[in-house]
Amino acid sequence: MTQEQSAGRGQGAGVESVVLNANTAFYNAFEAGDLDLMAAVWLPEPDPVCIHPGNAAIYGYSEMMRAWAMIFANTPYIQFFLTDVQVRVDEDVAYVTCTENVLSSGEGAPEEGFAGGKALATNVFRKTTSGWRLWIHHASPVLSSGGRLEEAE
């Protein structure tokens, strides 16, 4: 979004910035592998949903936190470079879409190396008394120009 677009939105630009900060907190928690930080990002109720590329949906806060614990235990390193970031706020619900450019090590990476991948993500947030909390995360793998599936997360 250009500065002119932000300036033209007045108060909306401030809310969009807060939502983008909540989105950044999600990726920071993911990169840190910190379950407490991740738990603080998510909205516990009503049932949050998390869909990682190529996996079934995870429903419910407790089940999702167990899944994050497993991901963190099996991902020694992950870093996200977000591009194509767009934000939309509509009263108490907002969403961020972005391209997740991922660098990781662990399962699927070459020995003593890193693997890269790309996913398109939609992160839906709800406004609460404690701020904007992540309600839905959905990431889908991107097909490379060669027709190969690029894995992420």
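The model is predicted, so local features are reported only at pLDDT of at least 70 and side-chain atom pairs only at pLDDT 80 or more, while totals for chains, interfaces and linings use all residues. Residues are numbered from 1 along each chain as its sequence is written, and side-chain values use heavy atoms, with hydrogens and water left out.

Helices (H or I, at least four residues) and strands (E, at least two) are DSSP runs, numbered from the N terminus. Two strands are taken as paired if DSSP finds at least two bridges between them. Strand β3 covers residues 77–90 and strand β4 residues 93–105; these run antiparallel and are joined by 12 bridges. Within this pair, Val89 lies opposite Ala94 of β4. Strand β4 is also joined by 12 bridges to strand β5 (residues 115–128), again in an antiparallel arrangement. Here Thr97 has Thr122 in β5 as its bridge partner.

Asn123 also belongs to strand β5. Asn123 counts as buried because its relative accessible area is 0%; the classes are buried under 20%, exposed over 50% and partly exposed in between, for a 1.4 Å probe and protein chains only. The side chain of Asn123 makes a polar contact of 3.2 Å with that of Tyr27. A polar contact is a pair of N or O atoms within 3.5 Å; within protein, one must be able to donate a hydrogen and the other to accept it, and residues adjacent in sequence count only if both atoms are side-chain atoms. Contact in general means heavy atoms within 4.5 Å. Beyond its neighbours within four places in sequence, Asn123 has contacts that include Asn23, Phe26, Ala94, Tyr95, Val96, Leu134, Ile136 and His137.

Most residues other than glycine have a negative phi, and most peptide bonds are trans. Asp84, located in strand β3, has a positive phi near 55°. Asp84 is classed as exposed because its relative accessible area is 55%. Glu91 is not a glycine either, yet has a positive phi of about 60°. Glu91 sits in the loop between β3 and β4, a hairpin with 2 residues between the strands. With a relative accessible area of 69%, Glu91 is exposed. The peptide bond between Glu45 and Pro46 is cis, with omega about -5°. Pro46 lies in the loop between α3 (35–41) and β1 (49–51).
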